[in-house]
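Trainee: I would like to learn how to read the features of a model, one at a time. Where do we begin?

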Amino acid sequence: MSQVIRRGAVTPRMNITPLIDVVFLLIIFFMLVNNIVSEETVDMILPRVEEPETRPLGEVDRVVVNIAPQPFTRAGRAAFPLSHTGEAAYVKVGTGTGSRFEVGDLAGITAALRRAKAEQPEIEVLLRADGAVYYGQVQPIMGAVRAAGIETVNLVAYMPDEPGR
């Protein structure tokens with residue numbers, strides 16, 4: 001004969017451990033995405049375009065090449081726009097710590113772009129240069145892109161109705 005034990009009313013409980021796991025995974029995901037996006041950008045004021053001929057990029061294989069200006073403060077640049085030397089500080093190719101080059105290191109820049117092209121044969125370059133950097137600093141970098149065998153270079157600028165960064 002079996003014995004029956006009375007415990008009282010059963011109260012439902014919710015296990016939130018899986019919910020906590022999902023929240024932590026989302027936090028990690030957004031932290032990683034934020035790091036990837038911040039690696040591609042360098043603080044600069046991009047030139048404005050008055051009569052642009054643009055096309056949407058869509059989903060293309062791309063590498064971002066940043067020609068960074070000498071350090072500046074936005075307030076100082078706004079008050080004295082012609083006080084900038086026009087010289088670039090460094091060139092950053094794509095993301096990562098090993099992708100920062102001196103402006104004159106065209107062989108290193110070309111080698112980094114060749115590695116990117118070897119990984120993705122149909123790659124395009126998004127070239128970002130500060131509006132105050134002289135063209136003489138940008139032209140050799142464009143030559144390095146061409147020497148790497150990359151056919152398409154997209155120059156990044158702000159449209160007239162977009163606020164500058």
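Mentor: Begin with a strand: β2 is mostly covered, with five of its six residues buried. Buried means under 20% relative accessible area, exposed means over 50%, and partly exposed lies in between, using a 1.4 Å probe and protein chains only. The model is predicted, so local features need pLDDT of at least 70 and side-chain atom pairs count only at pLDDT 80 or more, while totals for chains, interfaces and linings use all residues. Residues are numbered from 1 along each chain as its sequence is written, and side-chain values use heavy atoms, with hydrogens and water left out.

Trainee: How many helices and strands does the secondary structure of the protein chain come to?

Mentor: Helices (H or I, at least four residues) and strands (E, at least two) are DSSP runs, numbered from the N terminus. Here there are four helices and five strands, and along the sequence they follow the pattern α-β-α-β-β-α-β-α-β. Buried residues make up 28% of the 165 residues in the protein chain.

Trainee: In what order do the strands of the open sheet stand?

Mentor: Two strands pair if DSSP finds at least two bridges between them. The order is β3-β2-β1-β4-β5, in an open sheet of five strands with mixed pairing. β3 (100-101) and β5 are at the edges with a single partner strand each, so one side of each has no neighbour in the sheet.

Trainee: In which sense do β1 and β4 pair?

Mentor: β1 and β4 (residues 124-129) pair in the parallel sense, over six bridges. Arg62 stands opposite Glu124 in β4, and Val64 stands opposite Leu126. On β2 (residues 88-93), β1 is joined by five bridges and the two strands run antiparallel. Asn66 has Lys92 of β2 as its bridge partner, and Ile67 has Val91. Val91 also has a bridge partner in β3, namely Phe101; β2 and β3 pair in the antiparallel sense over two bridges.

Trainee: Why is β1 described as largely enclosed by the rest of the structure?

Mentor: Seven of the eight residues of β1 (residues 62-69) are buried, so the strand is largely enclosed.

Trainee: Which helices lie on these strands, and at what angles?

Mentor: Axes are lines fitted to C-alpha atoms, for helices over the stretch in contact, and angles run from 0 to 180 degrees between N-to-C directions. Contact means heavy atoms within 4.5 Å. α3 packs on the sheet, touching β1, β2, β3 and β4, and its direction makes about 20 degrees with that of β2. α4 lies across β1, β2, β4 and β5, and runs at about 170 degrees to β4.

Trainee: Which residues have the most contacts inside the largest nonpolar core?

Mentor: In soluble globular proteins, nonpolar side chains tend to be buried together. A nonpolar core is a set of buried Ala, Val, Leu, Ile, Met, Phe, Trp, Tyr and Cys residues joined through side-chain atoms within 4.5 Å. The largest one has 23 residues, and those with the most contacts inside it are Val65, Ile67, Val91, Val93, Ile109, Leu113 and Val125. At least two residues of this core come from each of β1, β2, α3 (106-119), β4 and α4. Leaving aside neighbours within four places in sequence, Val93 is in contact with residues including Val63, Val65, Phe101, Ile109 and Leu113.

Trainee: Is Ala148 buried or exposed?

Mentor: Ala148 is buried, with a relative accessible area of 7%. This residue is found in the loop between α4 (135-147) and β5 (153-155). Apart from neighbours within four places in sequence, Ala148 is in contact with Thr110, Leu113, Arg114 and Lys117.

Trainee: How many aromatic pairs does the structure hold?

Mentor: Rings of Phe, Tyr and Trp (its six-membered ring) pair if their centres lie within 6.5 Å; planes under 30 degrees apart count as stacked, over 60 as edge-to-face and the rest as tilted. The structure holds one such pair. Phe29 and Phe30 form it edge-to-face, at 5.2 Å centre to centre and 70 degrees between the planes. Phe29 is partly exposed, with a relative accessible area of 47%, and Phe30 is exposed, at 52%.
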